[in-house]
Amino acid sequence: MNILLLGSGGRESALAWKISQSTQCDHLYIAPGNGGTSAYGTNLDFNGSDFDAVLAAVRGYKIDMVVVGNEDPLVAGITDFLHREAPEVLVVGPSKEGARLEGSKEFAKEFMMAEGIPTARYRAFTAATIEEGKKFLETLKTPYVLKADGLAAGKGVLILSDLDEAKKSLEEMLGGMFGQSSATVVIEEFLSGIECSVFVLTDGNGGYRILPVAKDYKRIHEGDKGPNTGGMGAVSPVPFADTVFMEKVEQRIVKPTIEGLRRRGIEYRGFIFLGLINVEGEPMVIEYNVRMGDPETEVVMLRIASDLVPLMAAAAKGALADLPCKEDPRAAATVMLVSGGYPGSYKKGYPISGADAAKGSKDTVIFHAGTKPSPESTFKGLDAVVDAPERIVNDIEYEQQETFEEGSLQDMADTDRGPVGDVVTSGGRVMAVSSYGKTLKDALDRSYDMIQNIHFTDMNYRRDIGNEFI
C-alpha cells in the first residue's frame, strides 16, 4: 500500500514513524514533511491545503490511502474533494461537515448540548451582540474563558481573571484579534480540574477504537505559567483516567458523539480528539479536534502495539468491526524542545547538534517538528525574526510552490531518503524527545537524559513535565 501523509509537525513525524513500521506500507510519502521525516519515507514539497497538488501526487505516485495529519485541509474539505476526484483512494479524516467539530467552536458546543454531552455552559457572540456578551460575562464567576470560533492554530483561547479585561478582550477579538477566526466568540464558564486527551478512531458506521489516553502541557513555563503554546510535552498513560473514569467517558461522550454524527448523516471516518477535563471524577468536554493532537501523538504512537495501517484502512473503509487495537503496557513521555522566545517572536535557522542522538536506541525516539535540512541553498541565515504569524500550522511557515504543474512529481520529491543529515531550526516547536519506561518517571528520566545530547542556540524546554504524577 502506498500512503500519503499530509502535515509537517511532530505529530506527522510520530505518525510517519509508526506507519513506516507496518508490513502493509510499501512506500510512505509525507507532504511537506520536515527535516526528520525523510527517515521514514519521501518528503514531497507541497502543502496539504493545495488540493490540486495533493491530487496530482495521489495519481502520480499511485497512492492507496491518504492520512490527513493537520486540521486545515480537513476544515477546507480535502476529504470531500478526494472522494469526488479520486473515489478509489482511502482517506483517513472526516468530511468538511464533520470537521466543523473543530472548525467552529459554536457548532461543537451546539452539537454537545443537543446530544447531552457534558460540557461547560456557554453563549456565542458577534460584533452585533457585543453588549450582550459583556452582560453574559457579568453572570459568570472568574476566571473568564473566551474562544475564537474558528481555527486559530491553538492560540485562540483567552483565560482572564479580571472582568474589565475580559470585556476589553472580547472587543479586541471581535475587532479582529484572530482575523476572521474571531468574528464569532464563544464565552464559556470556567471548569476547574485536571485535563486529559482521549483519542478515538472511528469508521463512520458505529465502529470505533479508543486509543491510549494522554495528557499534554500547554503553558510555556514550569508550573503551568505563562502563555499557551502548541504543547510543551505529554505523558501516557494518565493515572486518573482509570477504568471507572474511562467507562464514563465512553458511555457519556464517545458513544453519543459517534451516534450524533451518524444521526445527522455526517460522514466521519478518522480520528476524533476529545479534550477532556476531570471535574471531581466526572469527565466533561472542553473541545473537539478532528485529528490527532500534538504533542500527544508523540506518546500515543509509542503506546499502540498494533499495526496502525490496517486499523486506519479499516476505518476509512467503514469497516473497523472487531479489528483489535492493543496497547503497549509501558509508559511513554515526550518533552518538546522549542526556540527561545516562542510562543512569541523567535529566530530560526540555528544548526542543531545531536539531532540523531537517539539513533539505535530502543527506548527513545526524537521526533522532528520545526526543522529542515541545512544545505546552503535552503539556509536563510539568522537575520529574520519570526513574529508569531496569525495563521501558522504546527509552528512551521510553509514555503509553498507558487504553482504545481503536471509532470513535476520528481521535482517535488525529496530523494534523499534515509538517515537524517544536518538540520536547522525552522519553527517554534523544534523537536519532541519521546521515551518508553516501566513507569512515567523512567520514561521522563530517559527523555531528559537524552536532551543533554541535543543543542541549538536559545533552546528551551520545560523541566516539570509529568511531575504531578511522580
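**Close-up 1. Lys-62 in its loop.** In this predicted model, Lys-62 sits in the loop that runs between helix H2 (51-60) and strand S4 (65-68). Look at the backbone here: phi of Lys-62 is positive, about 50°, although the residue is not a glycine. For background, most residues other than glycine have a negative phi. Is Lys-62 buried or exposed? Lys-62 counts as exposed because its relative accessibility is 63%, and the cut-off for exposed is over 50%.

**Close-up 2. Ala-321, another loop residue with a positive phi.** Where does Ala-321 lie? Its place is the loop between helix H11 (308-317) and strand S18 (331-338). Ala-321 is not a glycine, yet its phi is positive, near 45°. The relative accessible area of Ala-321 is 52%, so this residue is exposed.

**Close-up 3. The cis peptide bond from Ala-31 to Pro-32.** Here we turn to peptide bonds. Most peptide bonds are trans. The bond that leads from Ala-31 to Pro-32 is cis, and its omega is near -5°. Which element holds Pro-32? Pro-32 belongs to strand S2, which covers residues 27-32.

**Close-up 4. The cis peptide bond between Ser-236 and Pro-237.** Ser-236 and Pro-237 are joined by a cis peptide bond. What is the omega of this bond? Omega is about 5°. To find Pro-237, follow the loop between strand S15 (233-236) and helix H9 (243-263).

How values were computed
Residues are numbered from 1 along each chain as its sequence is written. This is a predicted model: local features need pLDDT of at least 70, side-chain atom pairs count only at pLDDT 80 or more; totals for chains, interfaces and linings use all residues. Side-chain values use heavy atoms; hydrogens and water are left out. Helices (H or I, at least four residues) and strands (E, at least two) are DSSP runs, numbered from the N terminus. Buried means under 20% relative accessible area, exposed over 50%, partly exposed in between (1.4 Å probe, protein chains only).
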